[in-house]
Amino acid sequence: MSRFAGLTPLLAPRSIAVLGASSDPTRIGGRPIAYMRAQKFAGGIYPVNPNRAEIQGLKAYPSVADLPETPDVAIVAVPAALAAPAVEDLAQRGVKAVVMFTAGFAEMDEAGAAAQAAMVAVARAHGMRILGPNSLGVFDARHAYYATFSASFDSGWPVPGRIGIASQSGAYGTHLYTLARNRGIGASLCVMTGNEGDVTVGECIGWLAENPDVDVIAVYAEGIREAPGLIAAFEAARAAKKPIVMQKVGRSELGGKAAKSHTASIAGDDAVTEAVMSEFGVFRARNSEEMLDIAHTATRKIYPVHNTLGVITVSGGAGVLISDTADSLGLAMPEMPAAAQARLRALVPFCGPRNPVDATAQVSNEVALVKTFMESMVVDGGYASVLGFFSMTASSHRWAAVREQLNLVRAANPDRLYVLSVIVQQDRRNDLEADGWVVHEDPTRAVVAIDAMGRFGAGFAAGASLPPPELAPVALPAATPSEAEAKRLLAAAGIVSAPEAACATVDQAVAAAVRFGFPVVLKILSPDILHKSEIGGVLLGMGDEAAVRSGFAVLLERARAAAPAARIEGVLVAKQLNGGVECILGIHRDPVFGPMAMFGLGGIFVEVLKDVVFRRCPFGADVAEAMILSIKGAPLLTGARGRPKADVQALAEMLSRLSAFAGAAGDRLQSIDLNPVFAMPEGQGAFAADAVIEVAEDA
């Protein structure tokens, strides 16, 4: 049985009870009955109301115990004080699922949260799932299942289609559905999780991924409470080659309070969730309009692995706009072959045949040219995706002939993604969609959707990554270690530091400096002073023995003045590295997803620009290298402007090993900062110059 099959009684029931059923079809307890009767739900509908013998033409039952059969799901639309007894009754009857409309629980206060937890515990003890509480419910128009009290159906029913919506917000979930319906987009199934006392949005995504009636999944999420279900859902969707487009809102920084960790101060829940989405090829939409554009385009189920865009246009200006958008997204628009350009120019001397191919308004006068130009783009240009900008031409009296020519090309080459940017009435738009085109009025929105299809294709085609390094379980110290101890722990995992020595006396420091060779770096050594530079606890460029002796004394004096209670273990002497690129590698324990690795360049890139990338731990060196090369500042590592190339391979190996260390260290590991790490010139390695490991103290 699949991981998510347990939601089937909830999301695809054969029979339904309604507790708090109302004879008034406009009330919360009346709308689901009215909707399902209007749309002819095939299963049993059993109103439960002790004060009515009949409700909306159906026999009503005084209690759950009196029902003629045990329904798959029960809708609970009773006051909060009656919700828990209702769940108890349903559990005793053997009902497998509840849609809980009732509010007044965790969204209110701590008492409400406790009542919600107790109610969910009863359900789980009997193997019953709860959607909500405080949920707007679920609907599946294909099966006339409307366990919802949304008023959106007063203005029309869903357009048949294969898009499934999962939303944490009920009001916004039905808002998305209504937007889709009004645009003629087929979103037939929508589930809204509410408080997520039990069923999570991740589980709903997983069930949609396994549902044969769903090809595309659209998600609205405010925050993720449970990681395993979401990750399993993303994995299931990727395995089924079902694209997920997700609108994730909320920018709170859960790590902001962990001031000891530089990494944690950057890693908010939004950045972490986006990293997990990226890991599984989930496309993050910037707004609802974009999400629906992409979801609708994805229903064609054409996801080019190596996406290229060819454009035919009747407007040179539109061609420039399209090209600018594609360039900003990194969507390739190769030129047409020279021979093909010459042939097109011979037919229409004033055309622009490069790509975009500006066929000009001449194609309206000589309709046969539409096929000639489009066919050359598809056959000669070989583009994976084709966008035709015809604007108002699609509303003209010549459009039927133009459409015929376009369809001849599409029918002969059906493996491409075909998109039109036209302004048409809905009936003509429906005809084009039935032909096999995706229609977008705005060309820039069309390009964004086309680019997303290529990103889905690349994600589906990605092979297995290299395994992370295998490490034995890491034994963390009882409390946050000093820098020297932190580096010893990391060294056991293969994470290399600059040559250094912990020195308790000034003579030991001088001896270490002579052994490493001048210049050296001196740093105060204390488990209680994690950010040494803030107290002047780091001295660079110590060029001789005298400098080391005086520097040793200065550091001790500064430490005693700034942190009189701190434990001082001495001074760390390290060889000063020159010629490398400063980077930062870090680990932050996210409260939902666990240890997350971070990579970025040092200095202004992390402090001001926050040019960093995150990834769930652990991972192999290939993933680490891809992370490193994904940041905007990556050219500084790969030889931009004549700089020597950095040892990216060594840097990737260090990042991978750090992720494995975090995975092996257990829940007490809170954060790691390696800052700076010097990526030396190619072939010369990468070395951590500073290391901070923060651990939760033993209870």
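**Close-up views of a predicted model**

The chain exposes about 28100 Å² of accessible surface (Shrake-Rupley, 1.4 Å probe; for residues, only the protein chains shown count as cover). Carbon and sulfur atoms hold 53% of that surface. This is a predicted model: local features need pLDDT of at least 70, side-chain atom pairs count only at pLDDT 80 or more, and totals for chains, interfaces and linings use all residues. Residues are numbered from 1 along each chain as its sequence is written, and side-chain values use heavy atoms, without hydrogens and water.

**View A. The whole chain.** The secondary structure comprises 23 helices and 29 strands (DSSP runs: H or I of at least four residues, E of at least two, numbered from the N terminus). Of the 699 residues, 56% are buried (under 20% relative accessible area; exposed is over 50%, partly exposed in between; 1.4 Å probe, protein chains only).

**View B. Helices H22 and H23.** The axes of H22 (residues 621-630) and H23 (residues 648-665) come within 8 Å and cross at roughly 115° (lines fitted to C-alpha atoms over the stretch in contact; angles run from 0 to 180 degrees between N-to-C directions). Contacts (heavy atoms within 4.5 Å) include Ala621 and Met627 of H22, and Leu651 and Leu655 of H23.

**View C. Helices H11 and H17.** The axes of H11 (residues 316-329) and H17 (residues 443-461) come within 9 Å and cross at roughly 35°. Among the contact residues are Leu321 and Thr325 of H11, and Val447 and Asp451 of H17.

**View D. Val608.** Val608 sits in the loop between helix H21 (604-607) and strand E26 (612-616). Val608 counts as exposed because its relative accessibility is 58%.
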